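Thank you all for coming. Please take a moment to look at the sequence and the structure before I go through a few places in them.

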Amino acid sequence: IITSLPYIGAVEVKKEFSGLVVLTVTETNPAFYTTAPGGFVLFDASGKVVEYPATVLPEGCVEVKGLTNISTKPGYALQSMENEKFYLFLELSSLCNQASIGTVNGMDLSDLYDIRVVIDDAFILSFGNSENLENKLAIASQIMLREGESAVGNMKLIDLSYGNEAFVRDVTHTTAVAVTDGTGEPTSDPSGETNDASDENDEDKQDEESNETVADTTVLTAEG
């Protein structure tokens, strides 16, 4: 039943004294998604594929980047437990849920030495590798409680890759958008004309656009 009906999460079978068999069915819903050729792959917190290909994302569905060699067959696991990234996804999502640190808005497992999770669209948790995830989350939780109000409208990166130390950075992202003139060549403005003054300052602009506003704070332990 669980594999043939992907949106069924669990089935409990009980037989009463009268001989009546009672089935209790629990529904599951997509909580995460990743991309595959043909559309989105929606899967639940246990890693079971509930829908593919999907063209519309359910509200609150969280993107998980970096999963490769995935199975897209609805009703079956996205990957085997032997897959390191899939096991890490299950562990990390469970720990975030247990820690009650906020809403997970995104997860990036592309680089296993630079694991990242976005919380409440306000904090980027940079774990480094997968060692001591529980301890790192405890430290992050303390920092987020302290930095909560100041993070509104100002994304903060919490670097947890140093073991028992954490560094907080105020991160300001500026994205340069290239406008094409129809020939495929980028121009300095939508009209297709080149602004000489702008060209002269290109290097300065690139420096400004790639700059991060940094304010480092060191936290020695979760209690610190």
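This is a predicted model: local features need pLDDT of at least 70, side-chain atom pairs count only at pLDDT 80 or more; totals for chains, interfaces and linings use all residues.

Two packed helices are described by the angle between their axes and the distance between the axes. For α1 and α2, which covers residues 133–147, the angle is about 35° and the axes are 10 Å apart; the axes are lines fitted to C-alpha atoms, for helices over the stretch in contact, and angles run from 0 to 180 degrees between N-to-C directions. Helices here are DSSP runs of H or I with at least four residues, and strands are runs of E with at least two, numbered from the N terminus. On the α1 side the contact, meaning heavy atoms within 4.5 Å, involves L88, E91, L92, L95 and C96, and on the α2 side L133, E134 and L137.

Let me turn to the loops next to these helices. S100 lies in the loop between α1 and β7, and its phi is near 50°, a positive value in a residue other than glycine. N132, in the loop between β9 and α2, also is not a glycine and has a positive phi, of about 55°. S100 counts as exposed because its relative accessibility is 64%, and N132 is exposed too, with 54%; exposed means over 50% relative accessible area, buried under 20% and partly exposed in between, with a 1.4 Å probe and protein chains only.

Now for S110, which sits in the loop between β7 and β8. With 45% relative accessibility, S110 counts as partly exposed. Beyond its neighbours within four places in sequence, S110 touches K65, G66 and K85, and the C-alpha atoms of S110 and K85 are 8.6 Å apart although 25 residues separate them along the chain.

Finally, please find the cis peptide bond between Y52 and P53, where omega is about -5°; P53 belongs to strand β5, residues 49–54.

Technical notes. Residues are numbered from 1 along each chain as its sequence is written. Side-chain values use heavy atoms; hydrogens and water are left out.
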